[in-house]
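Please consult the sequence and the structure while reading.

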Amino acid sequence: MTAHQITAAERLMVIDGKDVGSAADEWFERESPAHDVVVGRYPQAGVADVDNAVRAARRAFDEGPWPRMSGAERAQLLYSVGALIRRDAEQLARTEVLESGKPISQARDEIEGSAGLWEYAATLARHSYGDAHNQLGEDVLALVVQEPVGVVGVITPWNFPLLIASQKLPFALAVGCTAVVKPSELTPGTTVHLTRLLLEAGIPEGVVNTVTGAGETGSALTSHPGVDLISFTGSTAVGRLVARTAGEQLKRVELELGGKNPQIVLPDADLDAALDAIVFGIYFNAGECCNSGSRVLVHRDIAEELQTAVVERSRQVPVGDPLDETTKVGAIVNQQQLDTIERYVGEGNADGAQLLLGGDRLSLPTGTGRFYQTTVFTGVTPEMSIAREEIFGPVLSLITFDDLDDAIRIANSTMYGLSAGIWTRNIDAALTAARGIRAGTVWVNRWMDGYPELPFGGYGASGLGRELGRQALTAFTETKTIQLQVGPRTARWLPGEA
């Protein structure tokens, strides 16, 4: 498909079940990062629009049926959302490709994964429960119950817009919360589409509201006093701002932030399997992924062998038009991100790392779009910026180590702790690394596999809290203790007591 065959879609926000523009009648456009044509036009939400959305969510929570439905009723509706996502899968995938620049094959996989998240969250709607305590004394029975926290502000990034919204929103809805969702201004299309699918599924008006806009829209949502919890995924720098604002209001916050994730390769590893995971781990989504395996820590004894293989395999990765079925690496999301990648590559060269492959922009025959070569550095040391900081691009750092203790030390040498991996046939080494590395997920002889049943989140600057799994419900609930008197109460303070 050529650029002139791509048309722009105009999509309104959804507030209280209605399609609306912004109060100020302001709009912004999204241009395809691969084709340099406008692919979407959206309202720029201001403070008044965010206020309307929060008020709608508050009414739906305080007065509406959603929090008062049985878990079985909510489960049925949430499950039907998964079916609707699958029905519209090709349309959703195409929207993600045009707005994000990711390959169409990858987008389709993410849409399928999103549907699965809604279906899994539906099962949890029937399994939110507390505890009963009947050993506190013969005259007391205590109940500990979980109640929905209230109105949730959901702020999602541009790299996996539908998938990350689906890691948050259905779990909040499962326990009876209502929500206002603010997707990235770079990739809002699938989130707006999702909101309409929720209404089609029968979820009541006002339960989920979507506002579109840039950073000021997110700030208005974060600081709104009617929001009880903010669930944010994005950069660590912005996450700190979100946490600061929430802290000033004593508002609950859940943060899924950046990563500088290591893969450790020991001499006894299955090198073919590790090689495939290394190349996938760094070039998946053009490296614009918090779980990107951007650091490979390789034992000195096999460093040269692995280095040669990584460079050769990286040369073979198809970079190009994301609408092409054979493409594995698409476009960089915008010029700002492309500039960031170039800056880090420049710093790597200046710091003395050896550039083995890539390191420059890539021009397609069409002459359109922003693309970057698959890039590999060796001779990287842990103190270099390319080894410590999140680049969010297709740039791999190869770092050598001498023994497992050294590898664990290097793995833990950044402020991040989102994920890590180890490649070895030695179970003792695998468990030593898994226990020693401070990261929320550790993969052993695999990389970047995810399941709705398993919790996800990080240590340190990688965030606060966990998404997915049964633990996901904890973020969206408040714990209440109820004490019941059993039988007559023994008087202690009434007048006339002895």
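Q: Does Asp25 count as buried or exposed, and what is its relative accessibility?
A: In this predicted model, Asp25 lies in the loop that joins strand S3 (18–20) to strand S4 (27–31). Although Asp25 is not a glycine, its phi is positive, at about 55 degrees. The cut-off for exposed is over 50% relative accessible area, so Asp25 counts as exposed, with a relative accessibility of 57%.

Q: Phe392 also has a positive phi although it is not a glycine; does Phe392 count as buried or exposed?
A: The phi of Phe392 is about 60 degrees, and the residue is placed in the loop between helix H12 (385–388) and strand S19 (395–401). Its relative accessibility is 16%. Because buried means under 20%, Phe392 counts as buried.

Q: Which residue is covered by the UniProt annotation "active site", and what is its relative accessible area?
A: The annotation, from an unreviewed UniProt entry, covers Glu256, a residue of strand S12 (residues 252–256). Leaving aside residues up to four places away in sequence, Glu256 touches Phe232, Thr233, Gly234, Cys290, Leu418, Phe456, Ser462 and Glu467. Glu256 is buried, and its relative accessible area is 3%.

Q: Which backbone nitrogen does the side chain of Asp49 reach?
A: Asp49, in helix H1 (residues 47–62), is buried yet has no salt bridge. A salt bridge requires a distance within 4 Å, whereas the nearest side chain of opposite charge, Arg55, is 12 Å away. Beyond four places in sequence, Asp49 touches residues including Met13, Ile15, Gln44 and Val211. At 2.8 Å, the side chain of Asp49 reaches the backbone nitrogen of Gly46.

Q: Why do the buried residues of helix H14 line one face of the helix, and within what arc do they fall?
A: Helix H14 (residues 427–436) has Ala429, Ala430 and Ala433 as its buried residues. An α-helix has 3.6 residues a turn, so residues three or four places apart point the same way. Seen down the axis of H14, the buried residues line one face because they fall within an arc of 100 degrees.

Q: Which elements do the buried residues of H14 pack against?
A: The face of H14 turned away from its buried side carries the exposed residues Ile427, Asp428 and Arg435. At the start of H14, a side-chain oxygen of Asn426 comes to within 2.8 Å of the backbone nitrogen of Asp428. The buried residues pack against helix H13 (404–411), strand S21 (419–423) and strand S22 (441–444).

Definitions and conventions
Residues numbered from 1 in each chain as written. Predicted model: local features only at pLDDT ≥ 70, side-chain atom pairs only at ≥ 80, totals over all residues. Heavy atoms only, no water. Helix = DSSP H or I, 4+ residues; strand = E, 2+ residues; numbered from the N terminus. Buried < 20%, exposed > 50% of the residue type's maximum accessible area, 1.4 Å probe, protein only. UniProt positions renumbered as here; feature names shortened; annotations may be inferred. Contact = heavy atoms within 4.5 Å. Lys, Arg positive; Asp, Glu negative; His and termini not counted. Polar contact = N/O pair within 3.5 Å; in protein donor to acceptor, adjacent residues only side chain to side chain. Arc of directions from axis to C-beta.
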